[in-house]
Amino acid sequence: MRIVVYGQGYVGLVSAACLADWGNDVVGVEKQSGRVEMLRDGRTPFFEPGLDDIVTENLAAGRLRFSESVDQELEAADIVMIAVGTHDGHGGWQTQTILSCLYEVVPRMSAAATLVVRSTLPPSFVRNLSRLVADVRAQSSSPMIPVLINPEFTREGRAVHDFRSPDRIVLGVAHDPFERGLAQLRALYEPTHSPVVELAAIDASLSKLGANLFLATKISFANELAALCDLWGGDVDEVVAGMAHDARIGGQFLRAGIGFGGSCLPHQVSMTVQAACEAGVETPLLAATEQVNRHQRDVFVKHLVELSGGDVRGHRIALLGLTFKPNTDDLREAPSLTIADSLIRLGADVVAYDPMDRARYAATQIVPGLQVAPTLREALSGADAVGLITEWREFVQFDWSQAVDLMRGSVVVDGRNALDSRRLTAAGFTTRSFGRRIEPKTQEEPIVTPEQHAFSVGAASPSLAAGAVYARDTALEWEGTE
Ligand code: UGA
């Protein structure tokens, strides 16, 4: 098939490269100056494992091309995909980019083509999408075309794998009376052998949003559970292992730590809370998800300050990892940035190391006063304390007993529950993570009544408190039915 993909960011470039790799003839269109030249040279503008090779091979095979604008290719395309950005970088939606893209592209598409939107859209925009396209087509006296949305579920760092083997393909129909667009997309995604879920456009868009909101909520739940484990002497890793075998719960996205960052989860939570609030709908669960997530970064800083004797002024603190997760060089909404800034404001001398050169350089442009080291050893050298921010393999597999000689102090705060706390303690470090026990708890705890339990949970954790109250209120019902 002949496909044109507008927007060569993470979503658009991965889609363009992988679709070309399946044998399609693909043109990736990107307006950002400099990016097209880079791509034509086979250099990708961000780090994504495996992507460079796919781009290089498909450029060489002539199946993949890049351009700042297209004419004949657009008119001859079977499918035009839109994958431009839709958030404003400040926690809100922006639709200017996609609107100008649609005004430019839609009038020039052939009557036989299908328009597919892959960008994550504000739900209110999805509801008007079909009418908008119909108006633009009518203005240019062109017949209406099928309009579908096809949300993506790829994770940075695993995007190629996720594109090729997704758990599901979601197709949302905004306009497709004869199912021509659906037939094209079913055929396009045949190589994945994945289940295809066909929905109304609004439901497809909400299922994308819902998936990210649920993942974010899971992470904040795990973080609240970790706080309760700290309170009652539990170990969150063990607790999650005990829960994860329940097929209704599963074990993924329950890793406690400094919380979620990146360009998707944080924005989609804040944009949803904001948009719903503006429309007069309250979203207390999502507001709590956001609140817990922000709180985790403060807890991490608090741990570092406490273990440093209550004052970090003049202390050299090594932050390990800057990117919002491993296997990416993306710093968008990375917890490292706010954490580094807080520590610098408290008077610490902060030196960060990340395996990604680009991330190290970019972080110094964003956080005033942040220093970076070119290697892990140099970051650790002379440090009074270490804070692990991103669980890069290099840090997890590091022989931490060597750090004892490199460092001046012995504090390690593990923000991702990724290091072996018992080994660190045995090597002489004072360490803290989130909801993890270092020594088995032997002391008997006083018996807590259900009322005290609900009360103390309420004090520490808004969403679990709601659950505890619900459980108390429905206890009679349960008694009656069991
Ligand atoms: C997320 C979704 O996982 C994808 O399915 C979706 O397609 C994508 O957003 C998108 O909307 O485009 P991504 O932002 O790449 O993908 O990153 P995730 O793997 O979801 O991780 C997000 C953050 O959560 C990271 O900072 C990670 O460290 C954190 N996290 C993840 C936890 O703190 N605990 C966990 O258990 C899992």
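1. Tyr-353 and Phe-395 are both buried, where buried means under 20% relative accessible area, exposed over 50% and partly exposed in between, with a 1.4 Å probe and protein chains only. Their ring centres lie 5.9 Å apart with the planes at 70 degrees, so the pair is edge-to-face. For this class, rings of Phe, Tyr and Trp (its six-membered ring) pair if their centres lie within 6.5 Å; planes under 30 degrees apart count as stacked, over 60 as edge-to-face and the rest as tilted. Tyr-353 belongs to strand β10 (residues 349-353) and Phe-395 to helix α16 (residues 393-396), so the pair ties together parts that are 42 residues apart in sequence. Helices (H or I, at least four residues) and strands (E, at least two) are DSSP runs, numbered from the N terminus.

2. On the basis of the model: it is predicted, local features need pLDDT of at least 70, side-chain atom pairs count only at pLDDT 80 or more, and totals for chains, interfaces and linings use all residues. Residues are numbered from 1 along each chain as its sequence is written, and side-chain values use heavy atoms, with hydrogens and water left out.

3. The structure holds seven aromatic pairs. In one of them, Trp-22 and Phe-163, the ring centres are 5.3 Å apart and the planes stand at 40 degrees, so the pair is tilted. This pair links distant parts of the chain, 141 residues apart: Trp-22 is in the loop between α1 (10-21) and β2 (25-29), and Phe-163 is in helix α7 (residues 159-164). Trp-22 is partly exposed at 24% relative accessible area, whereas Phe-163 is buried at 3%. Ring pairs join Trp-22, Phe-163 and Tyr-189 into a cluster.

4. Two charged side chains are placed over the ring of Phe-153. The charged end of Arg-168 is 3.6 Å from the ring centre, and Lys-208 lies over the face at 5.7 Å from that centre. The criterion is that NZ of Lys or CZ of Arg is within 6 Å of the ring centre and within 35 degrees of the ring normal.

5. An N or O atom in the side chain of Asn-212 is 2.8 Å from a ligand oxygen, a backbone N or O atom of Gly-261 is 3.0 Å from one, and a polar side-chain atom of Arg-416 is 3.3 Å from one. Taken alone the ligand exposes 720 Å², of which the protein buries 93%; accessible areas come from the Shrake-Rupley method with a 1.4 Å probe, and for residues only the protein chains shown count as cover.

6. Glu-156 is buried at 11% relative accessible area, and its side chain makes a polar contact with the side chain of Thr-328 at 3.1 Å. A polar contact is a pair of N or O atoms within 3.5 Å; within protein, one must be able to donate a hydrogen and the other to accept it, and residues adjacent in sequence count only if both atoms are side-chain atoms.

7. Thr-323 occupies the loop between β9 (316-320) and α13 (335-345) and is buried, at 0% relative accessibility. The side chain of Thr-323 reaches the backbone oxygen of Lys-325 at 2.9 Å.

8. Ser-141, although not a glycine, has a positive phi of about 50 degrees; Ser-141 lies in the loop between α6 (123-139) and β6 and is exposed at 70% relative accessibility. His-193, also not a glycine, has a positive phi of about 55 degrees. His-193 sits in the loop between α8 (180-188) and β8 (196-200) and is exposed at 74%.
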